[in-house]
Amino acid sequence: MSVQFLKVLRPGILSTVQDTGRFGYQRLGYTQSGAMDDFALRIGNRLVGNPENEAGLELTYIDEKFLFACDAIIAITGADYYPEINGKVVPMWQSLLVKKDSIISFPDWKYGARAYICVRGGLDVKPVLNSKSTDLKSTFGGYMGRKLRAGDVLSIPGVDLTSDYIGRCFPEELIYNNYRWHDCPLSIRVTLGPERDNYTEKSYKTLLESEYEISEKLDRQGYQLKGLRIEHSSKGPNIITNFTSLGAVQVPGAGNPIILMKDRQTTGGYAKIANVISPDISKLAQRGMGDKILFESVDISQTRELFIEQEKIIARQN
Amino acid sequence: MEKVQYIHASDCALIVSFGVDICETINKKVLALLKALEKEQVAGVVEIVPTYRDLCISYNPLVQTAENLIEVCKPLLNNLNHEEASEKKVVEVPVVYGGEYGLDLDYLAALHKLSPEEVIEIHSALEYRIYMVGFAPGFPYMGGLDERLHTPRREVPNPKVPSGSVGIGGKQTNVLTITGPSGWWYIGMTPLVFADVEKEDPTLFKPGDYIKFKPITPEEYELHKEKVSEQGEKQ
């Protein structure tokens, strides 16, 4: 039986319900969606004993305020906004027992762009096309297909306060290793291509040897970067429209790279110079306007090992 | 059979590329491999997206590798030609042409030295192949516009074109599935809704289907619109 869990007092700039994404429908034009930082969401779910693809709340930057409408076990992960319950700072990356009528707020910025609240049992919203994620552009999924507003009330399937899932912690050094919060510039690893013919050796030299800055044009669809202009080969910037993968770095004619994120269009017509490797997407999801990044090339043959390494870290939290 | 190329799109996606052109032969191969791969139910494959000339296979590197996927594809590709061509599905799309429903019809007709009626006749005569669906839910990328209607795009895009508009741009015709800016010329409007997540098939078209436009009157259009909104209210 569904139980009221969380009432929105202040929604912040963009709070949405997200799981690990919507798969199987991209061929029909439905976007992937899902938590921008799924490392944080998956760990949060594991801490409270959920399947890791369960839906949680994604908060963008500070200033959100919610009221708990029932007792619950939650975990706060991702960006650190000094989360407080009833005015007292509470630990992150840890499963906590919270009491009905207490208030959680996110008053101040320490680092990161997106925080997550996972709750034992998961958020009770109807899956649409096999996912609970909010598709903001097509306005479906999640909570009424939109971002949260003051007065909205989220539910959970039932109250489960099993004590085994209270006070579980994810080790701090693993968090730091994943995000490299203080690294400036942040190194982001990429594989080269797939459309290498549209670029030259010089294009790659520019991409890999200069510093880029995340511009003010950034959202869940993608991050437009500022920095040295990347030139194309004689083939130019356009390709016959094809699939856009998560983390693809495309360069339109003006020469500024754009990194495609979770809400990207399913297909695109700009040649992709490189692609961010999966383990580095969550790092990037936590960076924002003005942050500097350096692209570092890795050979495709090394990427599987890096992927497995990251999965092992996540699986440590069982 | 032409040589296919395998290209790593990322650390978890492999592109099988069939050629460099937009043509029916290549696109049919893309869709045939999609079908064959779906039948195989390959472990660790999370998404397969066909486009004009590429098939992109996304996989979970914990259980699958690009090298192994290539080995899975090879024998399937050898047998593609023997596969039965899939049944042709033609979706009829009713369109009111001209007037307030297609503001550019008269201009386009004059440009090509045709009457508006001739433009309608030419545009609604063919079955257009849907090479791929992308960009937005249910948005069809079609090919096969009659040469007499090929028209360079607008120099300045129209800032707001309503969803359902049927237009022409370059060598293509299309239907806008979301309201937005567009550099195309719009000659009509359809009352059909192309994407609906509540339906079992969440889009009206799939890659490989065909569209045939059917001229209707403004009265028929309004009637259809009413029916659609009534259905919406019931839900």
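A residue is called buried here if 20 or more other C-beta atoms lie within 10 Å of its own, exposed if 12 or fewer do, and partly exposed in between, with the C-beta atoms placed from the backbone. By that rule, buried residues make up 39% of the 235 residues in chain B and 51% of the 318 residues in chain A. What is on the screen is a predicted model, in which local features need pLDDT of at least 70 and side-chain atom pairs count only at pLDDT 80 or more, while totals for chains, interfaces and linings use all residues. Residues are numbered from 1 along each chain as its sequence is written, and chains are lettered from A and ligands numbered from 1 in the order in which they are written.

**Stop 1: chain A as a whole**

Select chain A, whose C-alpha atoms fill a box of roughly 65 × 40 × 30 Å along the principal axes. Its radius of gyration, taken over C-alpha atoms, is 20 Å, which agrees with the value near 20 Å that a compact globule of 318 residues would have under the rule of 2.2 Å times the number of residues to the power 0.38. Chain A has five helices and 20 strands, where helices (H or I, at least four residues) and strands (E, at least two) are DSSP runs numbered from the N terminus. Counting two residues as in contact if their C-beta atoms, placed from the backbone, lie within 7 Å, residues 24 or more positions apart account for 77% of the contacts in chain A with a separation of 6 or more.

**Stop 2: helix 1 of chain A**

Now select residues 38-47 of chain A, which form helix 1, with 10 of its 10 residues buried; among them are A:D38, A:R42 and A:R46.

**Stop 3: where chain A touches chain B**

Show both chains: the contact takes 33 residues from chain A and 36 residues from chain B. On the chain A side, strand 15 (238-243) and helix 5 (300-316) each supply at least two residues, and helix 5 of chain A gives the largest share, six residues. By class, this side of chain A has 14 nonpolar, 16 polar and three charged residues, with Ala, Val, Leu, Ile, Met, Phe, Trp, Tyr, Cys and Pro counted as nonpolar, Asp, Glu, Lys and Arg as charged, and the others, Gly among them, as polar.

**Stop 4: the two domains of chain B**

Colour chain B by its domain assignment, domain 1 (5-82) and domain 2 (90-234), bounds that come from an automatic or database assignment. Their C-alpha centres lie 30 Å apart, and the contact between them takes seven residues from each domain. Helix 1 (residues 24-40) of chain B gives the most to the domain 1 side, with three residues.

**Stop 5: a four-stranded sheet in chain B**

Finally, look for the open sheet of four strands in chain B, with the order 1-2-4-3 and antiparallel pairing, two strands being paired if DSSP finds at least two bridges between them. Strand 1 (5-10) and strand 3 (45-50) of chain B stand at the edges with a single partner strand each, so one side of each is left without a neighbour in the sheet. Strand 2 (residues 13-17) and strand 4 (residues 54-59) of chain B pair over five bridges, and B:L14 has B:I57 in strand 4 as its bridge partner. Helix 2 (residues 66-78) of chain B packs on the sheet, touching strand 1, strand 2 and strand 4.

Definitions and conventions
Axes fitted to C-alpha atoms, helices over the stretch in contact; angles between N-to-C directions.
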